Amino acid sequence: MLTLIPYQKAYAQDVANLCHLAIQSISESIYSAEEKSAWSFAPRSAYHWHKRLSKSQAWLVVDGAISISAKPVCCGVINVETRFDSQGYIESLYVAPNYQLRGIAKQLYQALELWARQQKFAELTVDASKVSKPLFESQGFKLRHRSYQEKRGVIIMGYYLNKPLS
């Protein structure tokens with residue numbers, strides 16, 4: 001059974017592994033091996049992910065049917081910035097490769113949007129990957145422009161999208 005829960009520190013290493021595997025499983029017809037390696041050459045540390053997710057609003061989807069170390073397996077993560085000028089910026093959305101195409105990304109996004117509306121955020125923004133762009137567009141986001149991020153000397157193309165919430 002898949003369940004949406006708030007981020008918990010006990011899942012930091014699981015999130016690190018999930019994000020790395022999600023990136024590495026992207027088809028090379030979408031992002032090259034060089035781009036994927038620059039984006040994530042190895043899982044980031046649990047410390048990195050805990051710091052990143054605890055400084056934002058974050059949710060996980062866990063699979064209660066499978067437990068590792070007495071906790072359900074983490075199969076998806078999303079987070080949104082809640083402070084500074086980047087308030088409402090969706091920083092991360094990843095789903096484990098063996099859980100993709102099951103509506104998990106949509107479930108995570110919809111929980112985030114509901115929360116953002118309750119907080120009276122004016123809009124949501126995201127630098128979407130080529131993979132996540134269709135999901136965000138299906139949820140009412142509009143393309144503002146292409147975006148480019150440099151990671152380890154490699155330029156990775158994506159899309160800057162926004163969605164007014166008022």
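The side chain of Ser92 forms a polar contact with that of Arg52 at 2.9 Å (a pair of N or O atoms within 3.5 Å; within protein, one must be able to donate a hydrogen and the other to accept it, and residues adjacent in sequence count only if both atoms are side-chain atoms). The model is predicted, with local features requiring pLDDT of at least 70 and side-chain atom pairs pLDDT 80 or more, whereas totals for chains, interfaces and linings use all residues. Residues are numbered from 1 along each chain as its sequence is written, and side-chain values use heavy atoms, without hydrogens and water. Ser92 lies in strand S4 and, at 3% relative accessibility, counts as buried (under 20% relative accessible area; exposed is over 50%, partly exposed in between; 1.4 Å probe, protein chains only). Leaving aside residues up to four places away in sequence, Ser92 touches Trp49, Arg52, Val77, Ile78 and Asn79 (contact: heavy atoms within 4.5 Å).

Helix H3 spans residues 46–54 and has His48, Trp49 and Leu53 buried (helices are DSSP runs of H or I, at least four residues, and strands runs of E, at least two, numbered from the N terminus). These three cover an arc of only 115 degrees around the axis and therefore lie on the same side of H3 (arc of the directions from the helix axis to the C-beta atoms). The buried residues of H3 pack against H1, S2, S3 and S4.

Seven strands make up an open sheet of mixed pairing, in the order S1-S2-S3-S4-S5-S7-S6 (strands pair if DSSP finds at least two bridges between them). Strands S1 (2–6) and S6 (142–151) are at the edges with a single partner strand each, so one side of each has no neighbour in the sheet. S2 (residues 57–68) and S3 (residues 71–80) run antiparallel and are joined by nine bridges; Ile68 has Lys71 in S3 as its bridge partner. Helix H1 (residues 12–24) packs on the sheet, in contact with S2, S3 and S4 (89–95), and its direction makes about 75 degrees with that of S3 (axes are lines fitted to C-alpha atoms, for helices over the stretch in contact; angles run from 0 to 180 degrees between N-to-C directions). Helix H4 (residues 104–118) runs at about 50 degrees to S3 and lies across S1, S2, S3, S4, S5 (123–128) and S7 (154–164).

The largest nonpolar core contains 47 residues, and Leu60, Ile90, Leu124 and Phe136 have the most contacts inside it (buried Ala, Val, Leu, Ile, Met, Phe, Trp, Tyr and Cys residues joined through side-chain atoms within 4.5 Å). Another core, of five residues, lies apart from it and includes Ile26, Tyr31, Val154 and Ile156.
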